[in-house]
Amino acid sequence: MENLLSVCMKTTIIMIFWVFISPIGLAGSEKFDSVEIFQSGNKAYQSGDFKGAIEFYDKLLKNGVISGTIYYNLANSYFRSGELGKTIFYYRQAIKYIPRDPDLLFSLNYARLKTEDKIEPHQSFFSKILEELQGLSLNESKIIFVSLSFLFWTFLTINFFLNRNYLNRLSVFFLIFYVFSIFIISYKSFGDDHYGVIISKKAKIYSGTGKNNINLFSLSEGCEFKVIDQSNGWIRLQLADNKQGWIESSQVLIDSN
Amino acid sequence: MKTYFILNTIILTLLGFHKGYGVTVTMTVEQNQINLNESLMLQVTVEGTREASDPVITHGDSFEIHDGGTSSQIQIINGRTTSSKVFQYMIYPKKAGEFDLGPAQVEVDGKTYSSNIIKIVVSGESKRESQKNSEYFYVKASISDQQPYLGEQIVFTFQFFRRVDVTQAQMSPFEFKGFWIEDLGKQNDYEKVINGIPWSVTEFKKALFPHELGSLTIDPLNLTAQVLVRQKRRGGFFDSFFDDPFFRGMGQSKQVRLKTEPIKIQVQPIPPLTNDFQGLVGKTQLKVALSKNNLMVGESATLTIELSGSSYLRDFVLPPLNWENVKTYDDQPKIESTISGSNLITKKSFKKALVPSKAGEIQLPPFRIDYFDPEKERLATLLSQPITLNISENPNESQLTHVVGSEKSSVKLLGEDIMPIKLSASEINALKLSPIYLIFSAFGLPILSLFGWLYSRRLQRIQSDSGYEKRSQAYKIFLKRVKAISSHHFFEEASMTLRNYLGDKLDFDGKAMASNDVMRKLETFKFSISLQKRVENFIKKCEAGQYGNKEITSSEQNEMMSEMLSLGKEIEKVSS
């Protein structure tokens with residue numbers, strides 16, 4: 001028992017050191033000329049060189065500088081270049097990070113109005129609830145999870161020593177939200193729809209992988225879909241109205257999560 | 001020698017990879033005599049490179065060529081490396097006769113290489129063979145009406161009948177030129193008995209709406225499939241079936257290609273109709289409903305106009321509504337399709353928000369929709385009931401004037417655009433939660449909480465049991481005291497150390513007790529007799545040395561020390 005408690009104390013000290021000291025070290029090492037490249041992208045955009053702007057923003061993303069703002073500016077650059085499919089794809093990427101940004105929501109809706117295909121979605125009650133969760137970014141969900149986790153475990157641990165009724169109730173209260181936050185973060189990380197967007201002007205959708213299958217229907221640039229399966233350069237897609245088919249992967253951009 | 005061999009192999013392999021090095025193109029077929037309904041496997045082998053372009057095969061429109069995949073090979077035989085690329089195709093003859101297939105041309109490094117030419121003899125399917133095949137499998141296409149009116153719904157049915165096992169059935173791409181197409185349910189599989197013989201049938205239907213006048217043709221639909229043939233068995237119930245000449249000489253499976261007959265359709269024009277006719281052909285129904293009739297100026301009510309029927313409604317648009325003192329705002333129309341009998345019924349709903357701008361009673365004229373009824377071959381008119389709106393004054397009307405008032409007009413949007421880009425660089429490095437916090441929350445906090453629980457339990461035990469702390473620390477203190485025993489007062493200190501330890505461990509005052517008292521206590525704690533004796537001997541030995549002023553030798557001291565430590569260890573073991 002004595003030894004166990006001494007191990008506990010040492011582990012606690014190491015953990016606290018690791019959590020509060022290590023992120024500072026990590027944050028310091030993540031310096032890349034991101035601000036300069038970002039500003040160069042903005043200058044290119046403002047001078048009408050949208051292809052140049054795309055290159056700058058792409059460079060940031062490829063170097064791991066990922067943010068909703070970069071995706072938003074990249075989408076704007078694609079819009080100005082007349083590539084509607086890529087515009088919608090990158091606006092949707094931006095939504096993951098800045099889901100309530102009014103400029104982004106307006107621009108995405110506007111870009112969607114420009115698409116040719118009108119698809120009436122079939123929505124279940126459950127999918128409507130999940131849609132509400134789109135209002136939280138993954139980072140925000142993580143912060144909520146960490147906060148609730150801290151509150152729950154702290155109150156639970158204090159209650160071990162003080163054994164008070166109100167602490168007991170507080171622990172249960174935070175436990176409920178803590179479990180809910182686990183659900184949200186799991187959904188955000190793994191359960192979110194694997195989506196894609198058509199980037200070619202017109203795309204044929206086939207009944208199987210290969211152009212010798214039946215051409216089921218055609219889709220226009222900017223049409224959004226859910227990715228069901230992938231096989232040998234072909235993607236099985238599902239539209240919001242539940243229509244399904246296969247499309248060549250060169251005609252789409254898909255979210256790799 | 002070994003190194004030389006490896007180097008040699010690498011150099012030869014690299015030579016083999018060199019583009020265009022001794023490129024040859026060969027075209028081969030498994031047989032060059034086939035029937036019209038059969039297919040042929042064609043291989044184009046490009047040797048000497050693995051980077052050839054896709055072959056272009058000359059075939060003079062006598063064959064249909066379908067891609068069957070590509071493979072690459074590298075072979076090292078006796079140190080010589082050859083690389084090749086093989087393109088496979090399925091060839092379907094279009095007509096009977098003798099035809100040249102090839103040459104196949106490929107491009108390597110900008111240079112074109114040609115293959116050999118193969119003669120293929122396509123014999124027309126004999127009547128007997130065709131009849132024999134159709135006894136086991138055939139496809140059929142039919143149409144509900146071969147003389148429809150322009151825009152009238154007709155139903156196309158494709159059926160695949162078979163009474164042998166079939167795999168990999170695949171339809172070739174098809175289109176219906178001159179028709180709008182709508183799906184008519186899913187593919188349907190069922191059994192059908194024809195003249196006492198059960199057939200498996202796969203069927204799909206399409207609703208077609210001709211949009212071109214005159215003679216239209218639905219081209220043949222092609223279906224390829226592998227027909228599985230069982231091995232010949234003796235004495236079985238189905239022997240007579242599998243002994244049929246159709247299966248003789250066939251292997252395990254055979255690829256067949258089935259074709260429907262082309263269907264000729266004569267599309268008739270619609271007789272001259274009124275100016276209000278908007279091209280609806282087929283029985284149609286009209287429903288008009290208003291969400292509320294009594295409303296105030298500036299308030300809105302929803303008007304729903306629903307058209308349903310067998311006519312083609314997808315492209316149908318309502319004529320513009322120009323009503324005095326009522327503004328209308330359109331919503332996106334909704335389309336739903338259902339199947340009734342063997343026909344497709346489409347329902348299109350138009351929703352409009354009506355906002356009155358003046359108080360009083362407003363009569364909305366009835367809706368009139370004309371359609372052509374192909375059964376009765378005449379125009380029919382749908383007329384809704386007139387709608388009366390009772391509009392009262394709105395006490396907040398002054399606030400509404402900027403929207404619907406007549407003096408001021410709402411701001412008109414001249415154009416729309418996306419929002420500008422974000423310029424602030426601070427937003428690109430937004431606060432991101434380090435994954436360490438996540439890992440700590442998921443695993444670290446529960447572990448820390450577990451430690452807390454263990455520690456709280458210990459504290460509780462100390463509080464509820466006053467001797468617990470003394471007992472748990474006894475052995476540690478005993479070991480410390482043993483180390484501190486001096487040789488000067490060895491017997492006294494050794495006796496005291498052991499008695500103190502026993503007292504702490506068994507919860508009595510060991511210091512104040514003589515050896516006899518200690519032994520009585522040990523009896524109550526159910527120590528083994530041998531252990532009791534060892535303790536007694538040790539204490540008595542100490543007492544004898546202490547009171548007899550005996551000098552202790554270092555070997556005796558070491559012996560007693562090890563005995564004391566051994567006793568401590570054993571007591572600790574027994575008491576815990």
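The following questions and answers explain several terms as they apply to this predicted model.

Residues are numbered from 1 along each chain as its sequence is written, and chains are lettered from A in the order in which they are written. Local features need pLDDT of at least 70, side-chain atom pairs count only at pLDDT 80 or more, and side-chain values use heavy atoms, without hydrogens and water.

Q: Why is A:Leu162 called partly exposed?
A: Buried means under 20% relative accessible area and exposed over 50%, with partly exposed in between (1.4 Å probe, protein chains only). A:Leu162 has 42% relative accessibility and therefore counts as partly exposed.

Q: What makes the contact between A:Arg92 and A:Glu224 a salt bridge?
A: A salt bridge requires a side-chain nitrogen of Lys or Arg within 4 Å of a carboxyl oxygen of Asp or Glu. For A:Arg92 and A:Glu224 the N to O value is 2.9 Å, so the pair meets the definition. The pair links distant parts of the chain, 132 residues apart.

Q: Why is A:Arg92 called partly exposed?
A: The relative accessibility of A:Arg92 is 23%, and therefore A:Arg92 counts as partly exposed.

Q: Why are B:Glu563 and B:Arg534 called partly exposed?
A: B:Glu563 has a relative accessible area of 26% and is therefore partly exposed. B:Arg534, with 25%, is therefore partly exposed.

Key
Helices (H or I, at least four residues) and strands (E, at least two) are DSSP runs, numbered from the N terminus.
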